[in-house]
Amino acid sequence: MGCGTSKPADAVKPAAAPVADAKPAASAQPAPANASTPAPPPAAAAPAAPAQPAAPAGGGGGAPHPHPGGPKMRELSGQTAGDDLLVNMYYPEDIEKRTGAPLIVYQHGRGSTHHVYQATFSRWVSMGYVVIFPYKKNSAVPGEDPPWPSTALDESPDGFEMQVALKKMISASSDTSSPFFGGRVDTKNVALGGHSMGGKSSICAGAQIEPRALLLHSPSCSSEGSEVYNLSKEQIEDRFKGLAKDRTPIMLVTSDEDVRQAAVLSIYEAEGLAACPKLYLQFSAKACELVQETIVEHFKPPRTIFKPEFMENEGGRDFMAHCYMGAGGVNDPSLKWGDTFMRLYLEKGGDKASAEYQQLFGDGPDSLAKDSQLSVVKVSPGA
């Protein structure tokens, strides 16, 4: 679908994106599906996400935002997906009682580990979703179990790692020894998400996998492409065409102090994505302070590869706060809206009569448009 490789056999059409009745608020090939799947090790309970204090009363969904509750999270770590690629799988503890759980494929930012995103994954699992997290072995950190993500750049112009991760789940769903066997996961009801490098990969994979939605946390590209990841303007525009053809809903998260803020905005404004329902969330400098409060502890090793001495100086704290807005820290003010976005497109099919649609695209007292933590909100219902 315009990403330079053949579309996987199990690619899925997303549900048709909604068309709003009202004006918006202010301004390498994937692994084969029949690849053999080793029997998974016994499931272990994932580390509990830190408890979060209650949100302030009133509209706007201020932060911190309380955990949704629901089933606890369990984890299968280090599942081999081919070569040096591994996949962690997070799922509700009562998965055996479920049928057709929605699926989210989420990729990390460069240098980050699965530890960084535990708060976000725990929330999604508590909502009844399954999350898969692809990453590469890193020989630079021997003995780590599971291995840290690689510091190497993911330069695949087709989101190869995310495609392989989805194939891994498709394969696990037909494995009688897997907790996902027997239709417990709907591998055709898929959203993609990613932070930084993972946001870029989500865009690239999106035109292949045809997801229900994309949630992008400070993606490391712009409408011009990315020099760091060797993604040309022509390539990124080609990916936009694939997303626009299916009118894939997109949420973009950034902040006033994000070094990529202008680049993230350029994706929202890209002419090639005009047909897609889009939301642009730019959090204020004050909101960034909420992230900074926990930044040193949340992002020092083993959660990231960044050295403690870097994390403890002012420049390090600022860097991490700017780049990690939306990445799932316990004080992250974007959590509520990511939850609402996923619920709208994975559970409600984009229904514009739903409460979730009104919260995101409307202007009521509890809407995105009224969130006091945001300095800029832009929404477009798409063509």
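**Exercise 1.** In this predicted model, find out which residues ring pairs link into a cluster.

**Exercise 2.** Work out how the aromatic pair of Tyr268 and Tyr280 is arranged, and which parts the pair ties together.

*Solution.* Step one: the rings sit 5.9 Å centre to centre, with 55° between the planes. Step two: planes under 30 degrees apart would count as stacked and over 60 as edge-to-face, so this pair is tilted. Step three: Tyr268 belongs to helix H5 (residues 261-268) and Tyr280 to strand S9 (residues 278-283), so the pair ties together parts that are 12 residues apart in sequence.

**Exercise 3.** Are Tyr268 and Tyr280 buried or exposed?

*Solution.* The cut-off for buried is under 20% relative accessible area. Tyr268 has 11%, so Tyr268 is buried. Tyr280 has 0%, so Tyr280 is buried too.

**Exercise 4.** Describe how helices H3 and H4 pack.

*Solution.* Begin with the geometry: H3 (residues 197-209) and H4 (residues 233-245) pack at an angle of about 50°, and their axes are 8 Å apart. That makes the two helices oblique to each other, and their crossing is left-handed. Next, pick out who touches whom: H3 brings Ile203, Cys204, Gly206 and Ala207, while H4 brings Ile236, Arg239, Phe240, Gly242 and Leu243. Finally, sort this contact by class: you get 6 nonpolar, 2 polar and 1 charged residues.

Key. Residues are numbered from 1 along each chain as its sequence is written. This is a predicted model: local features need pLDDT of at least 70, side-chain atom pairs count only at pLDDT 80 or more; totals for chains, interfaces and linings use all residues. Side-chain values use heavy atoms; hydrogens and water are left out. Axes are lines fitted to C-alpha atoms, for helices over the stretch in contact, and angles run from 0 to 180 degrees between N-to-C directions. Helices (H or I, at least four residues) and strands (E, at least two) are DSSP runs, numbered from the N terminus. Angles under 35 degrees count as roughly parallel, over 145 as roughly antiparallel, 65 to 115 as roughly perpendicular and the rest as oblique. A crossing is left-handed if the near helix is turned anticlockwise from the far one by less than a right angle, and right-handed if clockwise. Contact means heavy atoms within 4.5 Å. Ala, Val, Leu, Ile, Met, Phe, Trp, Tyr, Cys and Pro count as nonpolar, Asp, Glu, Lys and Arg as charged, and the others, Gly among them, as polar. Rings of Phe, Tyr and Trp (its six-membered ring) pair if their centres lie within 6.5 Å; planes under 30 degrees apart count as stacked, over 60 as edge-to-face and the rest as tilted. Buried means under 20% relative accessible area, exposed over 50%, partly exposed in between (1.4 Å probe, protein chains only).
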